[in-house]
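Try each task before you read its solution.

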Amino acid sequence: MIRLYNTLTKSIDPFAPLRDDGVRMYSCGPTVYDVAHIGNMRAFLFPDVLQRTLRVIGGYPVRWVMNVTDIDDKTIRDSSVGSTRWRAEMGEQTSDPMENLRRFTSFFTREFLADLQTFGIEVDRMTNPRATDYITQMQELTRDILAAGYAYVSDGSVYFNVAAYSANHTYGRLFAIDTQNFREGVRIDADEYDRESVSDFVLWKGRKDGEPSWDFEIDGQNVPGRPGWHIECSAMSQNLLGLPFDIHTGGVDLRFPHHEDELAQCTAGYHVHDQASFWMHNEFLEVEGKKMSKSLGNFYTMRDLIARGIEPIDVRFAMLQAHYRAVFNFTFDGVTAARTARAKVQDYVYDVVDVAGSLHASASDGVGQQLIDTVGQALADDVHTPRALAALFVFMNEHPARALTPADAASVVDALRVVNEVFAVIAIEERPTLVVPDDIRALAEERWAARAAKNWSESDRLRDMLSASGWTMKDGKDGYTLESAK
RNA sequence: GGUCCCGUGGUAGAGUGGCUAUACAGAGCUCUGCAAAAGCUCGUACAUCGGUUCGAAUCCGGUCGGGACCUCCA
């Protein structure tokens, strides 16, 4: 049985899908105005590991939706004429703001998904609806909320009326806001908006000149504009998954106001008590002990790391060593450590496959089941990846490849394949055969001969030459092995 | 100002009222011409001050320190 922490109940609850046909999961996705940074990576790693756990450990089919926010202040700003963020790959900028927005966000959507993929996130398993493809549905929901009496039109925009809603429902189910103690600055900013209460939020933003907008008919009148941010997730989750669905994920920052507002909109417009039965939030990451920010100079995109020679998959491994609800401290030393640790697991796979004799020698009742059990147990306990990885290492230490019978080794290969369906940090394959160039082989042979003749200085000289060429020669008792530095 | 979270060994990071987390790094040993690899063994920890308890790093309270949210930041 899988147990998950639920922000709605603030406890770890047993999980079961609402319907027989599997788990329906909605993840708040990226706003596509830039390439992914490592904070995004952590945010989207969590739902990936969650859906993998639900499928592999829970045995449930999973329907996974991750929206793409392609209409908001930042995408409008950065796609507008004169923006320094426009890139040649997006094509020519046009005089039509809508077309510019489309080209701009299409580009970054592709880039973003590509970044996720390098991180082992199963992009193929998710549906990525774009907000701009669901404008009609958002308008319908807005009308429904108006009809229910929980919204009002003011100066060309539509606002959600929190006070009216609160009279009949609880506003603050995910996050208990303290309206008496809003910080002063919040009030000041809020007053700039033409809305009745500081806590009211926008459902539909009135049109501004030069910005993309859609016509919207309310009570026979056209109110052109664009959707508010919160409404998109309510409308898309309802249309793609049906309400209530099973799990809603996002970063802790989305708990309030975004998720609270989504929930209120669904209740107000779709007349359901719950939008989702489980709400799950991942913590942020810090970089070298500090919050990642451009001003601190510790802001890294995935591409920055790759440029530094870091493998994204090693970062994935490092992140899995922390629980999703704890702040993760990203450090370069940590990634180096993760790389070494991951290589150790990969070597173990190669060794076990060697002993098994084949990649597909099936043996379901061997010692491998222990690995699936211990790792699965940790994952079933609120996606406890650090303990799951620890269980993997414990298993490796207790069952070194050389001590396995071929039958047991086969079962371990099977088990590794299963746990790696969740971790996705190694390759279950045979050790790649190393192609040694002839000149390197010749040098090695020469050195082996010198060594046999106890000509140590010549032997060392040749070994240095090999090192200079990027090869490490390791002496065994009956022969040597060569390893490429790469 | 309000609400909440955290403070574990060199580093990252789990867990638990009394019993080895794990990984990386480090030390010693075996092996080895040396090295590498491999195998074995090991170390130092639980912010601080009180309280509860037979016993707390684990529960409670204070203090100090860090952080999050209340601002369309993942």
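The exercises below go from the whole chain to single contacts.

This is a predicted model: local features need pLDDT of at least 70, side-chain atom pairs count only at pLDDT 80 or more, and totals for chains, interfaces and linings use all residues. Residues are numbered from 1 along each chain as its sequence is written, and chains are lettered from A and ligands numbered from 1 in the order in which they are written.

**Exercise 1. Describe chain A as a whole.**

Step 1. Take the extent. The C-alpha trace spans about 95 × 55 × 40 Å along its principal axes.

Step 2. Count the elements. Chain A has 16 helices and 18 strands. Helices (H or I, at least four residues) and strands (E, at least two) are DSSP runs, numbered from the N terminus.

Step 3. Check burial. Of the 486 residues in chain A, 41% are buried. A residue is buried if 20 or more other C-beta atoms, placed from the backbone, lie within 10 Å of its own; it is exposed with 12 or fewer, and partly exposed in between.

Step 4. List the domains. They are domain 1 (1-282), domain 2 (325-423) and domain 3 (438-484). The bounds come from an automatic or database domain assignment. The C-alpha centres of domain 2 and domain 3 are 34 Å apart.

**Exercise 2. Work out the sheet that contains E6.**

Step 1. Write the order. The 4 strands run E6-E7-E8-E11 in an open sheet, with antiparallel pairing. Two strands pair if DSSP finds at least two bridges between them.

Step 2. Find the edges. Strands E6 (151-154) and E11 (225-227) each have a single partner strand, so one side of each is left without a neighbour in the sheet.

Step 3. From one strand to the next it averages 25°.

Step 4. Zoom in on one pair. E6 and E7 (residues 157-160) are joined antiparallel over 4 bridges. Val153 has Val158 of E7 as its bridge partner. Ser154 has Ser157.

Step 5. Look at the turn. E6 and E7 form a hairpin with 2 residues between them, and Asp155 in the turn has a positive phi of about 55°.

**Exercise 3. Compare with the sheet that contains E3.**

Step 1. Write the order. This open sheet of 5 strands is E5-E4-E3-E12-E13, with parallel pairing.

Step 2. Find the edges. E5 (126-127) and E13 (276-282) each have a single partner strand, so one side of each lacks a neighbour in the sheet.

Step 3. Pick a pair. Strands E3 (residues 23-27) and E4 (residues 62-66) run parallel and share 5 bridges. Met25 stands opposite Trp64 in E4.

**Exercise 4. Describe how H1 packs on H14.**

Step 1. H1 (residues 38-56) and H14 (residues 406-423) pack at about 145°, with axes 7 Å apart. Axes are lines fitted to C-alpha atoms, for helices over the stretch in contact, and angles run from 0 to 180 degrees between N-to-C directions.

Step 2. Name the residues. H1 gives Val49, Arg52, Thr53 and Val56; H14 gives Val418, Glu421 and Val422. Contact means C-beta atoms, placed from the backbone, within 7 Å.

**Exercise 5. Locate the largest nonpolar core.**

Step 1. Find the members. The core has 120 residues; Phe160, Leu203, Val352, Val375, Leu392 and Val419 touch the most other members. Such a core is a set of buried Ala, Val, Leu, Ile, Met, Phe, Trp, Tyr and Cys residues joined through C-beta atoms within 7 Å.

Technical notes. Contact = placed C-beta atoms within 7 Å.
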